[in-house]
Amino acid sequence: MELEKLKAGLEGHAEIVVGDEHTAPRIGSGRVRVLATPVMINLMEAAALDACENLIPEGHQSLGTRLDVRHIAATPVGMRVRATARLLSVDGRTLEFHVEAHDEKDLIGDGTHTRLVVNVARFDQRVQAKLTRS
């Protein structure tokens, strides 16, 4: 599998306008009606996918394996949030990203995110075998 198209410095982006469906009470991660941490994390992962997925060989995809992020500022309903992922390194099949999320006023989260490039057919076989394992 060739990953030579994946180079440090590649960037991806994802954004949403925070709606009720994105809030902590709706997601089940808190009681305050602001952007839920799991939604911010999902946006960071989507930004990483935007940076790399179209450059991964056919029959392969990347899977998130690690997130180390801070959620440092609240974002109210109605405000736009944009996540950015910058590829820091490629080590074999492992992709390491710096991720950030900003609302219209502040940096709201940052950290690192690791993804692993896998062969989809082999991965699916292992997942299906798990169902029959005793």
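A residue is called buried when its relative accessible area is under 20%, exposed when that area is over 50%, and partly exposed in between. These terms are used in the legends below, which describe a predicted model.

**Figure 1. Close-up of the salt bridge between Arg80 and Glu15.** The side chains of Arg80 and Glu15 form a salt bridge, with a nitrogen-to-oxygen distance of 2.8 Å. Arg80 belongs to strand 3 and Glu15 to strand 1, so that distant parts of the chain, 65 residues apart, are linked. Arg80 has a relative accessible area of 39% and is therefore partly exposed. Glu15, with 38% relative accessibility, is likewise partly exposed.

**Figure 2. Close-up of the salt bridge between Asp20 and Arg33.** A salt bridge joins the side chains of Asp20 and Arg33, at 2.7 Å from N to O. Its partners come from distant parts of the chain, 13 residues apart: Asp20 is in the loop between strand 1 and helix 1, and Arg33 is in the loop between helix 1 and helix 2. Asp20 has a relative accessibility of 34% and counts as partly exposed. Arg33 also counts as partly exposed, at 48%.

**Figure 3. Close-up of the salt bridge between Arg70 and Asp110.** Here the side chains of Arg70 and Asp110 meet at 2.8 Å, N to O, in a salt bridge. Because Arg70 lies in strand 2 and Asp110 in strand 5, the pair ties together parts that are 40 residues apart in sequence. Arg70 is partly exposed, with a relative accessibility of 46%, whereas Asp110 is buried, at 14%.

**Figure 4. Close-up of the network of Glu15, Arg80 and Arg82.** Salt bridges with shared partners connect Glu15, Arg80 and Arg82 into one network. The structure holds five salt bridges, among them the pair of Arg80 and Glu15. Side chains of opposite charge can pair when their charged atoms come close.

Figure 5. Helix 2 comprises 16 residues, 37-52. At 1.5 Å a residue the helix should span 22 Å, and its end C-alpha atoms are 23 Å apart, which agrees. Val39, Met40, Leu43, Met44, Ala47, Ala48, Ala51 and Cys52 are the residues listed as buried in this helix. An α-helix has 3.6 residues a turn, so residues three or four places apart point the same way. The cover over the buried residues of helix 2 includes helix 1 (24-27) together with strand 1 (11-17), strand 2 (60-71), strand 3 (80-91), strand 4 (94-103) and strand 5 (107-119).

Methods. Residues numbered from 1 in each chain as written. Predicted model: local features only at pLDDT ≥ 70, side-chain atom pairs only at ≥ 80, totals over all residues. Heavy atoms only, no water. Helix = DSSP H or I, 4+ residues; strand = E, 2+ residues; numbered from the N terminus. Expected span 1.5 Å × (residues − 1). Buried < 20%, exposed > 50% of the residue type's maximum accessible area, 1.4 Å probe, protein only. Contact = heavy atoms within 4.5 Å. Salt bridge = Lys/Arg side-chain N within 4 Å of Asp/Glu carboxyl O.
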